[in-house]
Amino acid sequence: MKTDIILCGVGGQGILSIATVLGEAATASGLQLKQAEVHGMSQRGGDVQSNLRLSTEPIWSDLIPKGQADLIISMEPMEALRYLPYLSPEGRVVTASKPLVNIPDYPDLADIIAELEALPNVSMMDIETVALENKVPRGANMVLLGMTAPFLGILTPEALRAAVARVFAPKGEAVVEADLLAFDLGLQASGK
Amino acid sequence: MSIRKLLLGDEAIALGAIHAGLSGVYAYPGTPSTEITEFIQKDPVARERGIHSRWCTNEKTAMEAALGMSYAGKRALVCMKHVGMNVCADAFVNSAVTGVNGGLVVLAADDPSMHSSQNEQDSRFYAKFAMVPVFEPSNQQEAYDMVAKAFTLSEELKTPVLMRVVTRLAHSRAAVELGEAHAENDFRPSEDRGWVLLPAIARRQYVKLIEKQPQMEEASAWSAFNRLEKEDADLGVVACGIAYNYVKEALSADPARKASILKLSQYPLPAGALRELAASCREILVVEDGQPVVEQDVKALLGAGYPVRGRLTGDLPRTGELDPDSVAASLGVKGAAGLPAAKTLAARPPQLCPGCGHRDVYKALNEVAAEYPGARIFGDIGCYTLGALPPFRALASCVDMGASITMAKGAADAGLFPAIAVIGDSTFTHSGMTGLLDAVNDGSPLTVVISDNLTTAMTGGQDSAGTSKYEAICTGLGVDPAHVRVVVPTPTNIPEITRILREEIAYKGVSVIIPRRECMQTLKRKKK
């Protein structure tokens, strides 16, 4: 069994924290893992992505071949669209709906949302507002991870939740509680 | 019980080096190599042992210091991005002639597809040029294991060893099984006269280097990192470094497609294994990330009559990094169909951070440059290279570390006015100081802007070698102190900065303007 994930967003949005939690959960569950990250120039407000491959069997390539990703997890709606050729037709997009507009030619948001809604499997939510309204302003990425949890297959939501607690433990109890709340909000939004 | 740890390729190299008895890492930050030195700086064993890990001013000083540590009998590691090899090439090539005492491993992190670079040169060419062995790991575990082998081979053959990785391995994480931490070498300075490369000695040393070549090839032939995987197949694949993973990924997706594989992770090319592969098949495909180094070697070894395919024949793209899709296509393996590309999509290039001082520098520069029809701003390597992109579009050039000052000088020599150079603080000490001295000695009419954010920002905020020394360096090199001007780049100070720029452009000699304000990223980290 394997799950191939493309994590994406804009430099500085915290996609590597999501990757860290997924990596921790995968390691604790005894899975094989490869995770290709982006460091360097693109982190300065440009598009960033990370290829995360989880499997019960040995993994060869660090990069996911086209058409094989099971999930695209995106912190930004237009960025979710960037990697569609990598998504399997049975795959799912889990994305934030609120755009990050830092370029002059950002497309019409309605067109982006329409294109996302036309996909076979998509989960979309304004994670930033959900995080703000529930007083966990820094937890938007964990809301997104919670939304993704029911669709991961290879990892249970419980294993992910436990990994959230372990990864943020060094930052103190308050941070752990906030991130767990954010995670649960996302999980509930996905109807689980 | 063995310990497994999730490590970036870079981190696996760092830990492999520490466990191999490293005594010093010498490096200048450069994507994708930076995390190696950063890991060693933070590692508890390295700290307890007092392993040298402070950043160097540039790759040449790093390479030479490492060679000195090797001379003293200790194991030393030099790390850099591929273009750093150009900077340290003099020392690197000659270190093959002197030979080494303690093990010396030179790590070059190549960046095919130029994710954060200005070219995609292949460091394996440097190893051929210098005639030293190369290790090229296919995965994180090999990266960890290889460092110890590279040090051992370096000491056995008394030669520096190049270890080459590419971005995808440097910045990809996987579980690595760790071994034991070995002790450092004893302090035992060399007694050999071969280090003095006077022509008479250098000629003898060069003969020695030539005589080591068969041993290097022998080491490749017996290397545990090279392996011939034979199948009953017409196609033979030479798979170098991480290309091996893409080949295995493609072949495992299509069990009907058979190929024999020569997995290659240690060079020089083992000619015996290659001939064995060639004899068992009808054609060979060379799959390598970077430039067609091995493809050319394979062609030369097998002769014109034997079909060899690869990047040179167009079976694989001539430029850019390999990926599982391009490799699958070259093997005739059909890929899966993904969703169609999106219609609503815009490019999102990187940009200067909100509030960054470089922004104010460019705002002021553009305002003043607009007053002179012939003005050109010569750029350099760092975050501030992003000043070439909208909204600033300020830069006429960006070539290599330090070239802003020297190109502006040459253009000024040719009559260009005003010639303005923009260089960062770390880039200035890396390679800008010598160019400034040339300009001072020539009395060139030049305006140099050292945009000082008190850090090496582009690579993540490493210490900058010249912090708090810039005024002293510039006046020490002979710039008139009255024309070394320090400003604080903020939106409210733009009128002052533009006034100073106009004054210094009017001055017919070398002036240096130092806009100084802390990087927003390092400031944010401190506040956390």
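User: I am new to this structure and would like to begin where the two chains meet: how many salt bridges are counted between chain A and chain B?

Analyst: The count between chain A and chain B is 4 salt bridges, and please keep in mind throughout that this is a predicted model. As a general idea, side chains of opposite charge can pair when their charged atoms come close. In this structure one such pair is formed by B:Arg173 and A:Glu37, with 2.8 Å from N to O. The pair crosses between the chains, since A:Glu37 is in the loop between β2 (32-36) and β3 (47-55) of chain A, while B:Arg173 is in strand β7 (residues 172-178) of chain B.

User: How many residues of each chain are in contact there, and what area is buried between chain A and chain B?

Analyst: On the side of chain A there are 50 residues in contact, and they meet 49 residues of chain B. The area buried between the two chains is about 4100 Å², and carbon and sulfur atoms give 55% of that area. For the whole structure, over all chains, the search finds 42 salt bridges.

User: Into which domains is chain B divided?

Analyst: Chain B is divided into domain 1, which runs over 3-185 + 194-222, domain 2, which covers 227-330, and domain 3, which covers 357-527. The C-alpha centres of domain 1 and domain 2 of chain B lie 26 Å apart, and the contact takes 27 residues from domain 1 and 25 residues from domain 2.

User: What area is buried between domain 1 and domain 2 of chain B, and which residues of domain 1 lose the most area?

Analyst: About 2200 Å² is buried between domain 1 and domain 2 of chain B, with carbon and sulfur atoms giving 50% of it. On the side of domain 1, the residues that lose the most area to domain 2 are B:Arg124, B:Ser138 and B:Ser220, which together make up 24% of what that side buries. Across this interface the rule finds 4 salt bridges. B:Arg124 also forms a salt bridge with B:Glu288, in which the closest N and O atoms are 2.8 Å apart.

User: Which residues line the second largest cavity, and of which classes are they?

Analyst: The second largest cavity, with a volume of about 40 Å³, is lined by B:Val361, B:Ala364, B:Leu365, B:Val449, B:Ile497, B:Leu501, B:Ile513 and B:Pro515. The elements that give two or more residues to this lining are α15, α19 (494-506) and β18 (510-515) of chain B, and the largest share, 3 residues, comes from α15(B). By class, the lining has 8 nonpolar residues, with no polar and no charged ones.

User: What is the volume of the second largest pocket, and which residues lie nearest its centre?

Analyst: The second largest pocket has a volume of about 700 Å³, and among its 41 lining residues those nearest the centre are B:Ser116, B:Ile381, B:Gly382, B:Met401 and B:Met458. Domain 1 and domain 3 of chain B each contribute at least three residues to the lining, and α17(B) gives the most, with 5 residues. By class, this lining has 16 nonpolar, 21 polar and 4 charged residues.

User: Where in the backbone are the peptide bonds cis?

Analyst: One cis peptide bond runs from B:Thr31 to B:Pro32, with omega near 10 degrees, and B:Pro32 is placed in the loop between β2 (22-27) and α2 (34-42) of chain B. Another cis peptide bond joins B:Phe417 and B:Pro418, where omega is about -10 degrees, and B:Pro418 is in the loop between α16 (403-413) and β15 (419-424) of chain B.

Definitions and conventions:
Residues are numbered from 1 along each chain as its sequence is written. Chains are lettered from A and ligands numbered from 1 in the order in which they are written. This is a predicted model: local features need pLDDT of at least 70, side-chain atom pairs count only at pLDDT 80 or more; totals for chains, interfaces and linings use all residues. Side-chain values use heavy atoms; hydrogens and water are left out. On a 1 Å grid over the protein atoms alone, a cavity is a set of points where a 1.4 Å probe fits but cannot get out, and a pocket is an open set with protein on both sides within 12 Å along at least five of seven lines; lining residues have an atom within 4 Å of a point. Grid points are joined across faces, edges and corners, and a volume is the space filled by probe spheres set on the points. Helices (H or I, at least four residues) and strands (E, at least two) are DSSP runs, numbered from the N terminus. Ala, Val, Leu, Ile, Met, Phe, Trp, Tyr, Cys and Pro count as nonpolar, Asp, Glu, Lys and Arg as charged, and the others, Gly among them, as polar. Domain bounds come from an automatic or database domain assignment. Contact means heavy atoms within 4.5 Å. Buried area is the accessible area (1.4 Å probe) that two parts lose on being put together, summed over both. A salt bridge is a side-chain nitrogen of Lys or Arg within 4 Å of a carboxyl oxygen of Asp or Glu.
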